[in-house]
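Work through the exercises below with the model open beside the text. Each task is followed by its solution in steps.

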Amino acid sequence: QVQLVESGGGLVQPGGSLRLSCTVSGTSFSIYHMGWYRMAPGKQRELVAHITSGGITNYADSVKGRFTISRDNAKNTVYLQMNSLKPEDTAVYYCKAEKIYSGYDYWGQGTQVTVSS
């Protein structure tokens, strides 16, 4: 059984930083692409950052230069370092694991990020 557990969300002031973590259990982490998505109230889910099993990264234009996705395969964990946070970054952030070649996706429970003064 594949499980994704997210942590690191919270309340932060504009310009501040947070680091989200997503730890995957029950499977071989190295065969998954990983992504961070977010959903703000009343808005469409959007891709924030993505990292392939080989470490290739991709970012939404809105977060380029501010967010960094990384993975530690030894810890079965993907991170999202969020710097220079803006109020418009406020959303529930979800971790997704994508098994390579299979089309199978697994989602974390979500973690709330609120950027407000």
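**Exercise 1: a charge over a ring**

Arg71 lies over the face of Phe29, 4.4 Å from the ring centre. A charge counts as over a ring if NZ of Lys or CZ of Arg is within 6 Å of the ring centre and within 35 degrees of the ring normal. The model is predicted: local features need pLDDT of at least 70 and side-chain atom pairs count only at pLDDT 80 or more, while totals for chains, interfaces and linings use all residues. Residues are numbered from 1 along each chain as its sequence is written, and side-chain values use heavy atoms, with hydrogens and water left out.

**Exercise 2: aromatic pairs**

Task: find how many aromatic pairs there are, and classify the pair of Tyr94 and Trp107.

Step 1. Rings of Phe, Tyr and Trp (its six-membered ring) pair if their centres lie within 6.5 Å; planes under 30 degrees apart are stacked, over 60 edge-to-face, and the rest tilted. By this rule there are three aromatic pairs.

Step 2. The ring centres of Tyr94 and Trp107 are 6.5 Å apart and the planes stand at 80°, so this pair is edge-to-face.

Step 3. Tyr94 is in strand E9 (residues 91-99) and Trp107 in strand E10 (residues 105-107), so the pair links distant parts of the chain, 13 residues apart. Strands (E, at least two residues) are DSSP runs, numbered from the N terminus, as are helices (H or I, at least four).

Step 4. Ring pairs join Tyr37, Tyr94 and Trp107 into a cluster.

**Exercise 3: accessibility and phi**

Step 1. Buried means under 20% relative accessible area, exposed over 50%, and partly exposed in between (1.4 Å probe, protein chains only).

Step 2. Most residues other than glycine have a negative phi.

Step 3. At 39% relative accessibility, Ser84 is partly exposed.

**Exercise 4: the whole chain**

Step 1. Along the principal axes, the C-alpha atoms fill a box of roughly 40 × 25 × 25 Å.
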